[in-house]
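Trainee: I would like to go through this structure step by step. Could we begin with the strands and then move on to the helices?

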Amino acid sequence: MSIFLTGKSQRLIIATFFLFYSSLLTAQTVAIQLKPSETAPIIDKNIYGHFAEHLGTCIYGGFYVGEKSTLVPHTEGVRNDVIAALKKLKVPNLRWPGGCFADTYHWKDGVGPKEKRPTIVNQWWGGVTEDNSFGTHDFLNLCETIGAEPYLAGNIGSGTVQELADWVQYVNFGGVSPMSNWRKENGREKPWSVRYWGVGNEAWGCGGNMTPEYYANEYRKYATFMADWNNSSKIFRIASGANSGDLNWTEVLMKNIPLQMLEGIALHHYAVVNWSKKGSSLDFTEDDYAANMRVTLKMEELIREHSKIMDKYDPNKKVALVVDEWGAWYDPLPGSNPGFLQQQNTLRDAMVAGVTLNIFNNHADRVRMANLAQTINVLQAVILTDKEKMLLTPTFHVMEMYNVHKDAKLIPVQFSSPKFIKGKDTLDAVSVSASMDKNGKTHISIVNIDPSKKHLLQLELGSGKKMVSGRILTSAKLQDHNSFDQPEKLKPQSFKEAKLNGNQLSVQAPPASVIVLELQ
Ligand code: AHR
């Protein structure tokens, strides 16, 4: 069959095709308003926290190679390359020893002479036997070295109130007591003054399969005996929080735990599309990517919904929402131990990190702490190691670029995002957060998750600025990543596509990019 078209309809079809095709590739203009406000919250630097569990090669082989290692340069067994990288990242707090592992961990087995320490079978993660050579002193000294505040997760699932109370006394008490004396015998005179304490982990699951009502009572009991042994700073107790959308968990805890016993309540949300088939970290389609971004963006709704419940019981926002596990979780790398949760980290993960951190920044009034899962070799890691080799992932670079927001005053932003449409998903393509630091510099972080369209952003700044500079992280393909052969394929580059005109800033945001701008 042949189709005859008149000249007019031919021109119409060509024009329609041209418009459609060019809309796929060319910029759409997005008007964004920055609304500086006296009452806006400070972005707590602890939003940029990390998480280190005894899981796979996060601790053993990742952080710690042991005092006897000759292959990898180290300081008291902790890798020097990792120390340098985490100092550069300015990690504000580090959560340890789990995760699920925390509710099996008996801290007393990890102090004292290393050769006398009993072993522990890591029942959650690969069933491997650990020798407890990385324990409380090793972790807290490491935190001191990198300048991070430690966040210890207590064992509620299989421990006792006495065991946790003793841990607090061991690490925090400066006076004379059985626990502080034992600490001194083990080589540490001064207490570490640990402020952040998790009262169990995922109590609804691996932490004991408790009901929220039962856990709320357990929490009250444990929290009572976690005395403030350190006089200088008040202890900050974080209740084991909800799994993603389990709003009832938050409701029951907020209702049943007196506010004066509670400083933080946790929330865990992983960017997983299908828990029984999570998909490859390296080999994925654009449809998979869109689905990943959908579950990543869900963080916005979760924070809103959990915050709404918290607001009901705590309108003054005394209790922090602590998202102490977040990140992308894919299938383990082929050939790796499935219990070790090892995955690669691509440009897609940079998008996950950028978008999520923007959400946290924009909810800084309630989200005052968060921990990316996990620091080294596990899930959405910022560092990968292979024996003596180490590399920084795209996620590391995004977190490092966002350092500028730490402890800065949030600048609320208002805009309507263009859509990234793929298969069943219609998502906001552009994500933005902004802040002003103590020196009066404004920082704006922009993520364009659309893998094929650039967007032209027109930002109304609210006040005139004289200079703009910036950095960008992007790459040709979503699957691009850093490998031990090519460890710097993705790294931040200087960004020149931001033009300032008094109060107006125009930015060309390329497809799949994370940009951080500085204005002064
Ligand atoms: O981060 C891996 C695991 O995910 C943690 O151990 C647990 O808390 C969560 O289910």
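Predicted model: local features only at pLDDT ≥ 70, side-chain atom pairs only at ≥ 80, totals over all residues.

Trainee: Are H7 and H8 roughly parallel or oblique?
Mentor: The axes of H7 and helix H8 (residues 286-313) come within 9 Å and cross at roughly 20°. Angles under 35 degrees count as roughly parallel. H7 and H8 are therefore roughly parallel.

Trainee: How many charged residues are in the contact of H7 with H8?
Mentor: On the H7 side are Leu247, Thr250, Glu251, Met254 and Lys255, and they meet Glu305, His306, Ile309, Met310, Lys312 and Tyr313 in H8. Sorted by class, this contact has 5 nonpolar and 2 polar residues. The number of charged residues is 4.

Trainee: What term describes how H4 and H5 are placed to each other?
Mentor: Two packed helices are described by the angle between their axes and the distance between the axes. For helix H4 (residues 161-172) and helix H5 (residues 178-185) the angle is about 50°, and the axes are 7 Å apart. Their crossing is right-handed. Because of the angle, the term for H4 and H5 is oblique.

Trainee: Which residue of H5 forms an aromatic pair with Tyr170?
Mentor: Tyr170 is one of the H4 residues that meet H5, where the partners include Met179, Trp182 and Arg183. The aromatic pair is edge-to-face, with 5.5 Å centre to centre and 80° between the planes. The partner of Tyr170 is Trp182.

Trainee: Which strands stand at the edges of the open sheet?
Mentor: The sheet has 6 strands in the order S16-S20-S21-S27-S23-S24, and the pairing is antiparallel. An edge strand has a single partner strand, so one side of it is left without a neighbour in the sheet. The edge strands are S16 (409-411) and S24 (493-494).

Trainee: Which residue in S20 stands opposite Lys409?
Mentor: Strands of a sheet pair through backbone hydrogen bonds, either parallel or antiparallel. S16 and strand S20 (residues 430-436) pair in the antiparallel sense over 3 bridges. Opposite Lys409 stands Met436.

Trainee: Which strands of the sheet does helix H10 touch?
Mentor: Helix H10 covers residues 394-401 and packs on the sheet. Its direction makes about 160° with that of one of the strands, S23. The strands touched are S23 and S27.

Trainee: What is the distance between the axes of H2 and H10?
Mentor: Helix H2 (residues 80-89) packs against H10 at an angle of about 40°, which makes H2 oblique to H10. Ala85, Lys88 and Leu89 of H2 make the contact with Phe396, Met399 and Glu400 of H10. The axes are 9 Å apart.

Trainee: Which residue in the turn between S25 and S26 has a positive phi?
Mentor: Strand S25 (residues 498-501) and strand S26 (residues 504-509) run antiparallel, with 4 bridges. They form a hairpin with 2 residues between them. The residue, with a phi of about 60°, is Gly502.

Trainee: Where does Leu379 lie?
Mentor: Most residues other than glycine have a negative phi, and most peptide bonds are trans. Leu379 has a positive phi of about 50° although it is not a glycine. Leu379 lies in the loop between S13 and S14.

Key: Residues numbered from 1 in each chain as written. Heavy atoms only, no water. Axes fitted to C-alpha atoms, helices over the stretch in contact; angles between N-to-C directions. Parallel < 35°, antiparallel > 145°, perpendicular 65-115°, else oblique. Left-handed = near helix turned anticlockwise from the far one by under 90°. Contact = heavy atoms within 4.5 Å. Phe/Tyr/Trp six-rings, centres within 6.5 Å; stacked < 30°, edge-to-face > 60°. Pairing = 2+ DSSP bridges. Nonpolar A, V, L, I, M, F, W, Y, C, P; charged D, E, K, R; others polar.
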